[in-house]
Amino acid sequence: MTASTAEIVESTADVIVAVSASESAIGYVSCASLTDTDDVKVLQVDGYDPEEEKYPLERTFYLTYLGTLDSLQEDFLRYVTSAGQRIVATSYESVSASSTFLSSQPTGTLSIGGSTSAAPLLCELAESYMEINLNAEITVTETDSTDGLTGAMAGTYDFGMASRELASYESELLEQTSITVDKIAVIISADNPLESISSEMLCNVYTGAISSWNGIVTEQ
């Protein structure tokens with residue numbers, strides 16, 4: 001439902017660069033992807049900062065797969081939902097407590113593809129797992145959630161990364177495991193004087209009902 005005039009870019013880093021370069025731009029990224037050096041401003045949404053419990057914008061990252069897992073896939077998924085949650089908790093909200101993990105050391109390759117938002121976290125998890133299991137080789141490909149889900153259904157990826165809820169037909173075909181809850185930062189240029197936005201106005205911006213900053217300032 002995003003307005004046809006919206007600019008679609010290939011990565012989180014590209015969103016930050018595009019927004020920082022234009023005072024009229026607005027975008028959204030994972031809160032965990034932002035650093036102190038990024039020349040952007042994070043807006044309050046409905047009066048809340050992303051660090052606050054009542055902040056309204058969050059999403060779940062999923063690993064999805066088709067059918068029965070082989071030994072390597074199962075071993076990696078056990079790592080992600082156990083000891084790997086220690087890595088998750090450094091920048092995201094963990095979905096379970098970190099626990100002891102003992103790899104069965106399966107051999108093989110594993111391909112993961114999909115969401116650009118989830119990809120940085122999966123790269124960290126894959127690198128950490130490969131230090132534990134030297135017999136494994138894991139590749140992570142950034143595309144988008146829909147491609148990740150389609151790839152998992154087609155067998156192109158062993159795991160599809162998704163940073164959105166699955167459609168009903170996707171849920172019927174794929175198994176899904178939540179790996180973290182991510183808060184979404186709404187960002188604007190550091191030169192933009194706006195400090196906050198309501199979730200209703202944000203919806204209107206992305207659907208095209210509001211197409212200028214004057215429309216936001218007037219409504220506020």
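Which element gives the most to the lining of the second largest pocket? β9 does, with four residues. This is a predicted model, where local features need pLDDT of at least 70, side-chain atom pairs count only at pLDDT 80 or more, and totals for chains, interfaces and linings use all residues. Residues are numbered from 1 along each chain as its sequence is written, and side-chain values use heavy atoms, without hydrogens and water.

**Pockets**
- A pocket is an open set of points on a 1 Å grid over the protein atoms alone, where a 1.4 Å probe fits, with protein on both sides within 12 Å along at least five of seven lines; lining residues have an atom within 4 Å of a point.
- The second largest pocket holds about 280 Å³.
- Of its 13 lining residues, C31, P50, E51, S91 and K183 are the closest to the centre.
- The largest pocket has a volume of about 1,600 Å³.
- Its lining counts 45 residues, with T2, A6, E7, Y28 and Y206 closest to the centre.
- α7 supplies the largest share of that lining, six residues.

**N133**
- N133 sits in the loop between α4 (119-132) and β7 (136-142); helices (H or I, at least four residues) and strands (E, at least two) are DSSP runs, numbered from the N terminus.

Methods:
Points joined across faces, edges and corners; volume = space filled by probe spheres on them.
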